Amino acid sequence: MKCMNCGSTNDVIDFVARKEKLFLCVNCRGKLANGQLGKIGRPSLGVTKKVSLTLSEEGWKRLDELAKGNRSQYLRHLVLEAQSEDWSNDACLGYAMLGMENMGYSERQIQELLRAIKSEFDWKSVEEAKCAYKDSSY
Ligand SMILES: [Zn+2]
């Protein structure tokens, strides 16, 4: 077993501190006890801010089913997914446009392709599009 802080194998034990499971060597346990060890273990997810959310009884029931006991984790996942999907859509259009410009396609052809890609955004998830490309012969 390796120390999660320094990688040493000198007398490493695992224990729980501040709700985190830690694997530390004898030196790092000494540092931890003296408050000389900085942040260890799972990195912080970010800044916590409070929000209020209003949903119908049915909406909350559905959310709790999907969240499987961890609302904030589930909502964080949805927010990150929504944000990355926006980025992916614009980036995808940009890549397609640049590639077509490099190949010498006309403005009209580029417009048509971008329109076709945009309409796929409404029908296919990022994951489905990824799979469609991977499973294709391109
Ligand atoms: Zn150590």
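1. Confidence. The protein has a mean pLDDT of 86, with 92% of its residues at 70 or more; pLDDT is the predictor's confidence in each residue, from 0 to 100. The model is predicted, so local features need pLDDT of at least 70 and side-chain atom pairs count only at pLDDT 80 or more, while totals for chains, interfaces and linings use all residues. Residues are numbered from 1 along each chain as its sequence is written, and side-chain values use heavy atoms, without hydrogens and water. Confidence is highest in helix α2 (residues 57-67), at a mean of 95, and lowest in strand β2 (residues 20-24), at 84. Helices (H or I, at least four residues) and strands (E, at least two) are DSSP runs, numbered from the N terminus.

2. Domains. The domain assignment, automatic or from a database, gives domain 1 (1-38) and domain 2 (57-124). Their centres, taken over C-alpha atoms, are separated by 42 Å.

3. Helix α4. The 17 residues of α4 (residues 107-123) should span 24 Å, and the end C-alpha atoms are 25 Å apart, which agrees. The expected span is 1.5 Å times one less than the number of residues.

4. Faces of α4. Ile110, Leu114 and Ile117 are the buried residues of α4 (buried: under 20% relative accessible area; exposed: over 50%; partly exposed in between; 1.4 Å probe, protein chains only). They cover an arc of only 60 degrees around the axis, which puts them on the same side of α4; the arc is that of the directions from the helix axis to the C-beta atoms. The face turned away from this buried side carries the exposed residues Arg108, Arg115, Asp122 and Trp123.

5. Lys19. This residue lies in the loop between β1 (13-17) and β2, and Lys19 is exposed, with a relative accessible area of 84%.
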